[in-house]
Structures are given as C-alpha cells and as structure tokens.
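Colleague: I would like to go through this model feature by feature. Please give the general idea each time, then the case at hand.

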Amino acid sequence: MTASTAGRIAAYTRRGNTVDRAAATEPARRALASKWLQEIQAEFPDVPLATQQQMADSRRRAHMIRIAHLPRRRAGKA
C-alpha cells in the first residue's frame, strides 16, 4: 500500500467518524487564516487591520486557484 493510499484511508476513516466536519477542521482553517494575515502584516504594517484582512483573504483565494490548477498526480505514479 502506498503512503498516498494509506493517507486517503485515514482521511476517509476520520471523516466517517466525525459528525461535525466543520468543527473538526476549524482549528486548521483558523491557523491558516492567521498565517496569511501574519504575512500581510509583515509586508504592510501600516495598513489598517480591516484592509490587511481583505488582502490576506485575496492571497488565500489566489493560492487556492493556483493549487486547483496544478496537474493532478495519479495514484501509484511518481
């Protein structure tokens, strides 16, 4: 069994045992949002917080679009 397959099995097992998926993934989403905001605050310290939050959200969205368009790797292929 490949590491990818084992990971998928673990993920599906966890999801199968989780009643509230949104609550289960909230800490990770919050941490990632904080990461984006910290990057913006380091680059633009004088910008108001509300604007920094909008900029961080835009960077997050751009990142998600980029990774959505990456070529998909097929299981078993390196």
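Modeller: Helices are DSSP runs of H or I, at least four residues, numbered from the N terminus. This is a predicted model, in which local features need pLDDT of at least 70 and side-chain atom pairs count only at 80 or more, while totals for chains, interfaces and linings use all residues. Residues are numbered from 1 along each chain as its sequence is written, and side-chain values use heavy atoms, without hydrogens and water.

Colleague: Which residues of H2 are buried?

Modeller: Buried means under 20% relative accessible area, exposed over 50%, and partly exposed in between (1.4 Å probe, protein chains only). In H2, the buried residues are Trp36, Leu37 and Ile40.

Colleague: With which residue does glutamate 43 form a salt bridge?

Modeller: A salt bridge is a side-chain nitrogen of Lys or Arg within 4 Å of a carboxyl oxygen of Asp or Glu. Glutamate 43 pairs with arginine 59, with the closest N and O atoms 2.8 Å apart. The pair links distant parts of the chain, since glutamate 43 is in helix H2 and arginine 59 in helix H3, 16 residues apart. Glutamate 43 is partly exposed at 46% relative accessible area, and arginine 59 is partly exposed at 26%.

Colleague: How far apart in helix H3 are arginine 61 and aspartate 57?

Modeller: An α-helix has 3.6 residues a turn, so residues three or four places apart point the same way. Arginine 61 and aspartate 57 are four residues apart, about one helical turn, and their side chains meet in a salt bridge (2.8 Å, N to O).

Technical notes: Helix = DSSP H or I, 4+ residues; strand = E, 2+ residues; numbered from the N terminus.
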